[in-house]
Amino acid sequence: MPGMNSGLNSDNPTLVAAFRSALLHQGIIAGCVLVILAVAWAAIREWMRPPASGAAGRGEAMAEPGWRQLLRIGFGIIWIFDGLLQAQPAMAVGLPSQVIQPAAAASPGWVQHLVNWAGTSWSYHPIQAAAAAVWIQIGIGAWLITARRGPWSRLAGLTSVGWGLVVWAFGEAFGGIFAPGLTWLFGAPGAVVFYCAAGALIAAPERSWRTPQLGRATLAVLGTFFLGMAVLQAWPGRGFWQGTLHGSSGTLTGMVRSMATTPQPALFAGWVSSFASFTAAHGFMVNLFAVTALAAVGAGLLTAGGGRPRLLRLTVIVMVVLCLADWVLIEDFGFFGGLGTDPNSMIPMALVGVAGYLALTRAPSVAAEPAVTAGPAVTGEPAVTAEAMPAGAAAAGTVAAGTVAAGTVAGTVAAGTATPGRWLRTQLRPARLAQAAGAFATGGTRAIVTIWAVAIIVVGAAPMAMAQANGSADPIIAQAIDGNAAPLDFKAPAFTLTDQYGRPASLAGLRGKVVLLTFLDPVCTSDCPLIAQEFRQADQMLGSTARDIELVAIVANPLYHSVGYTQAFDRQENLTTLPNWLYLTGSVGQLQQAWKDYSVTAQILPAGGMIAHSDVAFVIDRAGHTRTELDFDPGPGTGITVSSFAAELASAARQVVKPS
């Protein structure tokens, strides 16, 4: 999957510095948003001056059950932790080629194609993509933690599901479920599947809290999953029954040994290495234990829901212990090495299992809370609060008596009239906006942080969305290879040569146009074809501006410099279709003078024929002055770097082009 590999090192200092700068700038924006929200909250609260809480009627609302709190807070913390892991310096460049690509390497072609598309999109805009991943995941985590109930809490769960599916498909290659060697021990079916499951449970309507059905269904699905993984683990011919196979490591031994080489504290590396040695010596017994444990947990989860609380409790305890053991000894915690993106699947799996147990065995209590009122005097934590629905989406209007259940939106438009347009006009009425402001004012810290969490998701996602609208790679990649362009301002040396059609051409004759100038060897098979394609792509990026620009190359070969060679090069690189392309040549003396004037070296290599010459490009303005010099060594020569150099060249040209 070459498309997602930029060819750059993950610790490239230019890209690391740009990534840190992007995180800093977006972090400042996020901080400013939080300050603005706090000031707005204080101002609105002072302006509205809500009456004392005693003025509100009292009602009863169902308290949030423990299983939902566990999922909401637990996965909120995990999402925040994942976001912080995404901020590691190597993520911007290293994630596509060192994490995403290996994850899909053994999958079918269609999975590789899909993942390659996503990885390439990331690699074209590594800074924006990496920063977006940081803020989106931190935002989702903060949103889950602060929105305790109501529509905004459920929306946080759905957002977790949506982003989780994106990560599962494009970042985990569907958790490897389509690849051979699938096993629970290595984290199948992917950690993010459990993020999605938790999000779906959090998004469940509050009426589902009243019965144990949700917990029973969760445990039944988990039990079936564990039994399926047990069968797969026991399947012969997959290398798990052997610690060593024909002198080589078995499947499990090899996996554990590879994890032991991950940079990490020596204590943890020692644990993993010791387990690898034990597995190599006792592979059959290790796999037998794994199969038995998986089958026992699966059977226990499926059968313990029918009035066997002790068996169910024991099963859940065994499941948690098994998950923790696998997390430490096989998955090696999952987040070491500088490119770990999450704590892998065992902790999320255990959280979902425990939540299912709590949902089945512990019914939620009914807590007395303030009833929803028509005015801004909503205090405490009612069924629909400003915590649940922050500014602009808070309860907006009166609620008909007897129709409000916990979690429903106050002010729902009457049946038969709730068309989207009419509903929106209703919500934008001054009275409704005033009520929304009142609800925000009484919502407290949670309302502020919830809105802020949504805002930082937008702060992270917006630059990435705008970058994806641009089909060319970020110029920062070219700058990471060759440094920044050098701004200049001096009269460009004149030249008079012959173009690829045998006609005379001079710099003076191009006066009035912006000239992009480079030097190419017509028989080169390495850098020169890449530079030619960079010029060709730059012309396409310039669009209508290209009519004011002339693309010019001068031959950089003292042996092969006839018009026939320039024409052959143009045909080879598909440059004949560019009306503003000139490939100039001349006598050896004329060419050497041009090389000297532009400080270009052209030396014949010992093997003969091939020429070592400077890879450089100049931007010359309409008046004939050199304005920019770009180091144009194409580096790895990948599709990403070619696009990035083209974008850098096009950007430099736009800065010089002025209306005629």
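Visitor: Which residues of strand 13 are buried on one side and which on the other?
Guide: This is a predicted model: local features need pLDDT of at least 70, side-chain atom pairs count only at pLDDT 80 or more, and totals for chains, interfaces and linings use all residues. Residues are numbered from 1 along each chain as its sequence is written, and side-chain values use heavy atoms, with hydrogens and water left out. Buried means under 20% relative accessible area, exposed over 50%, partly exposed in between (1.4 Å probe, protein chains only). Both faces of strand 13 are covered, with these residues buried: Val616, Phe618 and Ile620 on one side, Ala617 and Val619 on the other.

Visitor: Why is strand 13 described as largely enclosed by the rest of the structure?
Guide: Strands here are DSSP runs (E, at least two residues), and helices are too (H or I, at least four), each numbered from the N terminus. Strand 13 covers residues 616–620. It is largely enclosed because the buried residues number five of the five.

Visitor: In what order do the six strands of the open sheet lie?
Guide: Two strands pair if DSSP finds at least two bridges between them. The pairing in this sheet is mixed, and the order is 5-14-13-8-9-10.

Visitor: Which residue is the bridge partner of alanine 617 in strand 14?
Guide: Strand 14 (residues 625–631) pairs with strand 13 over five bridges, in the antiparallel sense. Four residues lie between the strands of this hairpin, and glycine 624 takes a positive phi near 90°. The partner of alanine 617 is leucine 630.

Visitor: How many bridges join strand 8 and strand 9?
Guide: Strand 9 covers residues 549–555 and pairs with strand 8 in the parallel sense. In strand 9, glutamate 550 stands opposite valine 515. The bridges number seven.

Visitor: Which residue of strand 10 is the bridge partner of isoleucine 554?
Guide: Strand 9 and strand 10 pair in the parallel sense over four bridges. In strand 10, Trp581 and Tyr583 point one way, Leu582 and Leu584 the other, and all are buried. The partner of isoleucine 554 is leucine 584.

Visitor: At what angle does helix 18 run to strand 8?
Guide: Contact means heavy atoms within 4.5 Å. Axes are lines fitted to C-alpha atoms, for helices over the stretch in contact, and angles run from 0 to 180 degrees between N-to-C directions. Helix 18 (residues 527–542) lies across strand 8, strand 9, strand 10 and strand 13. The angle to strand 8 is about 165°.

Visitor: Where in helix 16 is the kink?
Guide: The bend at a residue is the angle between axes fitted to the seven residues ending there and the seven starting there. In helix 16 the kink is about 25°. Shortly before proline 463, it lies at alanine 461.

Visitor: What is the geometry of the ring pair of phenylalanine 333 and phenylalanine 336?
Guide: Rings of Phe, Tyr and Trp (its six-membered ring) pair if their centres lie within 6.5 Å; planes under 30 degrees apart count as stacked, over 60 as edge-to-face and the rest as tilted. The count comes to 29 aromatic pairs. Here the centres are 5.7 Å apart and the planes are at 75°, so the pair is edge-to-face.
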